[in-house]
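Student: I would like to take a close look at a single part of this protein. Could you walk me through it slowly once the structure is in view?

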Amino acid sequence: MKFLQNNREHLNTKPPVIASLGDSLKIIPLGGTTDVTKNLYVYETKDDILVVDCGIGYPSSEILGVDILIPDTSYLIKKKEKIRGILITHGHEDHIGALSYLLDQVSAPIYATKLVLGFIESRLEERNMLKSARLFLIEPHLGSFNIGEFTITPFYVNHSIPDSLGYCIQTRAGKIFHVADFKFDFSPVIGHVFDIARASQLAKGGVLALLSDCLGSNSPGFTTSESEIEATFDTLIGKAKGKQVLITTISSNISRMYQAIIVARKYGRRVVPIGKSIAKNIEIAQRTGYLSVPEGSLILDDQKRKFRDSEVLYLIAGAYGQPGSALVKAASDANRYIKLQKGAVVIFSADPIPGIFDQVDNLINKLIIKGADVYYSEIQDNLHVSGHGSQGDLQLLASIVHPKYFIPIGGTPKHMRSYAELIAKMGFPRENILELLEGQEIIFKQGSVTLGEKVPTNEIYIDGLQVGGIGPAILRDRQMLANDGLIALFVTISKANNSLSDIKIITRGFVYPEESRELLDKTTKIAKDTFTRHIGKGKDYPFMKSQIEKAVLEFLYGEIERRPLIVSEIIEI
Ligand SMILES: [Zn+2]
């Protein structure tokens, strides 16, 4: 890890913070509440800002052509001088995926565990930002360290990715526990058991607030251990003798992949990763020492040809049905690395997150039509265990930390409300459980809390490799194009006498021109009349274009109730 600096030099570099009158702490979720994803939390005092997590979100499929959402960090950019560091809880994209976008605007060191730093380095390298990044390794056994005036003590938690941490953050207003995605797993496949002893120790002396995962607040009981999956894989792969087998899971779920590799080996299959994200994450996990598999269990694309389909197991990306992902391509015969066979066994070992259920359903349907036998959670038990704690896990953490205030995070309003009710049932005062929507400031002072302002936040869309956001105007155009097609009007005028020479109309995805000649002729006439009406008033072409587009749109809506995207151009000859 070339650019890594050890955090030892940071240990206790400042005297502990002593709370005094007037010392307040502001916490703002800039993402992660309201939606499940794009987690970003701001801890702010008079002098310092600590950022916890910086992840991406996933747009619903009706947002056309948009790849990801990122949190609105305008608030942070305005106060960038105060930012002392970015603390990362775990390596999921909805907690680290937006770091490069924030680092474009803000210079701050990043603190994370080894595997997480591996993922972060790889993302930053893709955008050529690794050299300028300041990355600090957190080694929980070394204890506390400071980021600005905040004293951070990490402790291990369990989640669907190894090396996940919870934090006790000592602030001038009091002690805050930040426990993002977690569950209790007493037999994790890879990594540590939730460090209950340390969490309890840290909670001694009173905790002001607990920010807790709440996504599983509607699931009764405790979440099952990750290790339960192996038996299900064993059953399904065992009975798939001679068949092509594909397993899809979240590309960062190293433990799940490990179990697939072990079971595949038992049945004489070698594992072939398909999809850039899976291959890359396996490489990172191997390099950082989190995935060690028997020699020869994994094979790369170029060696694949040596093996028959019945001798391999494909670990394929696309469990959420993401457009362009390896499995989506395979379902449309468009993946050059794998040809889906009739009777192939396709195992979905992941549950879709809220907002993308339809996308996954579409993919499952496509695979079934192609002749695959598809296994997914609704029809097969123990195919996926959540990385998020259920009601029992959430209550257990509440008991361990026993804070004065609770802030549910990482859930939608539905999950936050269920969490609040669950915690209230334990006897905690209902008014001390604070359901914060995105951007809602909360201020802790002298042991009590007040709601602050609402920081304005906008949805910021990222399309492809473009760095800037996609605004509402672009989305509106895409929506019109998708729904009703395009009309382009080319208005040619004679420079000499400002008279109209010609209007040419071109349509795409709107109507068949041959069958709709009359409509298009009328449309041309509307454009012509509008032009003639305005040309006498001067050569304000942008205004004339907008008038032509408006008139044509109104006409078409009146005639056939459709709103195509209309573009016009005035050409002088
Ligand atoms: Zn997570």
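Student: Which residues are the protein donors of the zinc ion, and which atoms do they use?

Tutor: Keep in mind from the start that this is a predicted model. In it, the zinc ion has as its protein donors His 90 through NE2, His 92 through ND1, His 159 through NE2 and Asp 181 through OD, and these lie 2.1 to 2.2 Å from the ion. If you look next at the angles that the four donor atoms subtend around the zinc ion, you will find that they run from 91 to 165°. The arrangement counts as irregular because of those angles, given that a tetrahedral label would require all angles to lie between 85 and 135 degrees.

Now follow the donors along the chain, where their spacing reads H-x1-H-x66-H-x21-D. His 90 sits in the loop between strand S6 (83-87) and helix H2 (93-96), while Asp 181 sits in the loop between strand S12 (174-179) and helix H5 (196-203), so this pair ties together parts that are 91 residues apart in sequence.

Terms used: Residues are numbered from 1 along each chain as its sequence is written. This is a predicted model: local features need pLDDT of at least 70, side-chain atom pairs count only at pLDDT 80 or more; totals for chains, interfaces and linings use all residues. Side-chain values use heavy atoms; hydrogens and water are left out. Donors are N, O and S atoms within 2.8 Å of the metal (3.2 Å for Na, K and Ca); water is not among the atoms, so sites may look incomplete. Four donors count as tetrahedral if all angles lie between 85 and 135 degrees; four count as square planar and six as octahedral if opposite donors are over 155 degrees apart and all others between 65 and 115; anything else is irregular. Helices (H or I, at least four residues) and strands (E, at least two) are DSSP runs, numbered from the N terminus.
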